[in-house]
Amino acid sequence: EACQRYGIDFDINETKLMLWNKVYQFVQVNISPVIVKMAQDEGHEVLFSPPHYSDLQPIETVWAIVKGNVGRQYMTTTTFKEVLQCLKYSFDTLQAHTVQGCINK
């Protein structure tokens with residue numbers, strides 16, 4: 001049904017897996033995620049970095065800073081509630097210049 005709706009060529013003898021692959025490829029090429037469309041509608045250009053390259057994704061460095069701050073306060077008696085409080089505090093006290101430094105590196 002999806003193949004017909006979107007004009008994807010198919011043969012009646014193709015397996016479900018073969019059809020799913022065709023639909024998947026069509027979606028990858030022709031359909032943008034909603035958040036990408038929203039950003040583009042506001043005039044933004046959306047760029048994607050390769051997966052698994054944390055040095056190209058500044059949020060990974062910011063997250064490492066936050067985890068380090070929380071981890072240094074952790075003891076064997078620390079509760080989940082205390083970890084949550086430490087996380088909130090670490091994010092609340094994160095300086096803008098620290099984040100900017102992660103982006104600029």
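The structure is a predicted model, in which local features need pLDDT of at least 70 and side-chain atom pairs count only at pLDDT 80 or more, whereas totals for chains, interfaces and linings use all residues. Residues are numbered from 1 along each chain as its sequence is written, and side-chain values use heavy atoms, with hydrogens and water left out.

Helix 4 covers residues 58-72. Helices here are DSSP runs (H or I, at least four residues), numbered from the N terminus. At 1.5 Å a residue, the 15 residues of helix 4 should span 21 Å, and the end C-alpha atoms are 22 Å apart, which agrees. The expected span is 1.5 Å times one less than the number of residues in the helix.

Which residues of helix 4 are buried? They are Val62, Val66 and Val70. Buried means under 20% relative accessible area, exposed means over 50%, and partly exposed lies in between (1.4 Å probe, protein chains only). The buried residues of helix 4 pack against helix 5 (80-92) and helix 6 (96-104).

Ser90 is buried, with a relative accessible area of 3%. Leaving aside its neighbours within four places in sequence, Ser90 is in contact (heavy atoms within 4.5 Å) with Val66, Asn69 and Val70.

Beyond helix 6 comes the segment that holds Lys105. Lys105 counts as exposed, at 62% relative accessibility. Not counting residues up to four places away in sequence, Lys105 touches Asp55 and Thr61. Lys105 and Pro58 are 47 residues apart along the chain, and their C-alpha atoms are separated by 8.5 Å.

Attention now turns to charged side chains. The structure holds 2 salt bridges; a salt bridge is a side-chain nitrogen of Lys or Arg within 4 Å of a carboxyl oxygen of Asp or Glu. One joins Glu14 to Lys22, with the closest N and O atoms 2.9 Å apart. Glu14 counts as buried at 17% relative accessibility, while Lys22 counts as partly exposed at 26%. Another joins the side chains of Asp41 and Lys37 (2.8 Å, N to O). Both of these residues lie in helix 3, 4 residues apart, about one turn of the helix. Asp41 is exposed, with a relative accessible area of 52%, and Lys37 counts as partly exposed at 45%.

Helix 3 (residues 34-41) also contains Met38. Together with Val34 and Ile35, Met38 makes a nonpolar surface patch of about 330 Å². Patches are made of residues with over 30% relative accessible area and no salt bridge; like charges are joined within 9 Å, and nonpolar side chains (Val, Leu, Ile, Met, Phe, Trp, Tyr) within 5 Å. Accessible areas come from the Shrake-Rupley method with a 1.4 Å probe, and for residues only the protein chains shown count as cover.

Finally, Trp20 is found in helix 2 (residues 16-30). Trp20 is exposed, with a relative accessible area of 53%. Trp20 and Cys86 are 66 residues apart in sequence and 45 Å apart in space, C-alpha to C-alpha.

How values were computed:
Helix = DSSP H or I, 4+ residues; strand = E, 2+ residues; numbered from the N terminus.
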